[in-house]
Amino acid sequence: MLQHAIKDAFPGIDTVIPLGASSTILRGALVYGHSPTSIQERVLKYTYGVEVAEKFKEGIDPEHLKLTTAKGKRCWVFSKHVERGQIVKCNEPHVEKSYKTAHNFQRRITFRIFATELTNVRYTDECIYTLGKSHLSSMNQRSYQEEVLLSL
């Protein structure tokens, strides 16, 4: 029924009907491999974000995620950049967020990047996947506190 509807809707175009789902996936991978710009946007399968240290909330945040910095008690939390189900354009940054260092005169920041199937996450231990790390270094030795801009 779907094949007939497609052929009726596009009578001047040759319709290729693959024999199985695996051949469809293979064909899509081949098209993308030869022409990456052929896919311009996609729907995200996961929520993506980074781990950051926010102000610790007594009685709410778990003790095992608490750390002490020059700013006081902090907690490792998930900072969401994009959400599962969101439509995004390929090869473009989608969110720019500004973060500050946790310690005075800190010259290097490490962002741990996470993915989860959930849309509302507070802590990174709720995430399923640790995707990797990004290290940012500063050459500014005079800065009391460095601010960085991270795009995902």
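Two residues are in contact when they have heavy atoms within 4.5 Å of each other. You are looking at a predicted model, where local features need pLDDT of at least 70, side-chain atom pairs count only at pLDDT 80 or more, and totals for chains, interfaces and linings use all residues. Residues are numbered from 1 along each chain as its sequence is written, and side-chain values use heavy atoms, with hydrogens and water left out.

**Stop one: Thr69.** Select Thr69, in strand β3 (residues 66–69); strands are DSSP runs of E, at least two residues, and are numbered from the N terminus. Thr69 counts as buried because its relative accessibility is 9%, and buried means under 20% relative accessible area with a 1.4 Å probe, protein chains only. Now show what surrounds this residue: setting aside neighbours within four places in sequence, Thr69 is in contact with Arg74, Ala102 and His103.

**Stop two: the core.** Next, select Val50, Val52, Phe56, Leu65, Cys75, Val77, Tyr99, Ile109, Phe111, Ile113 and Tyr123, the 11 residues of the largest nonpolar core. Such a core is a set of buried Ala, Val, Leu, Ile, Met, Phe, Trp, Tyr and Cys residues joined through side-chain atoms within 4.5 Å. Colour β2 (47–55), β4 (72–82) and β7 (108–116), the elements that give two or more residues to this core. The largest share, 3 residues, comes from β7.

Then move on to a second, separate core of 7 residues, including Leu44, Tyr46, Val95 and Ala115.

**Last stop: Cys75.** Go back to Cys75 and show its partners: beyond neighbours within four places in sequence, Cys75 is in contact with residues including Val52, Phe56, Leu65 and Tyr123.

Terms used. Helix = DSSP H or I, 4+ residues; strand = E, 2+ residues; numbered from the N terminus. Buried < 20%, exposed > 50% of the residue type's maximum accessible area, 1.4 Å probe, protein only.
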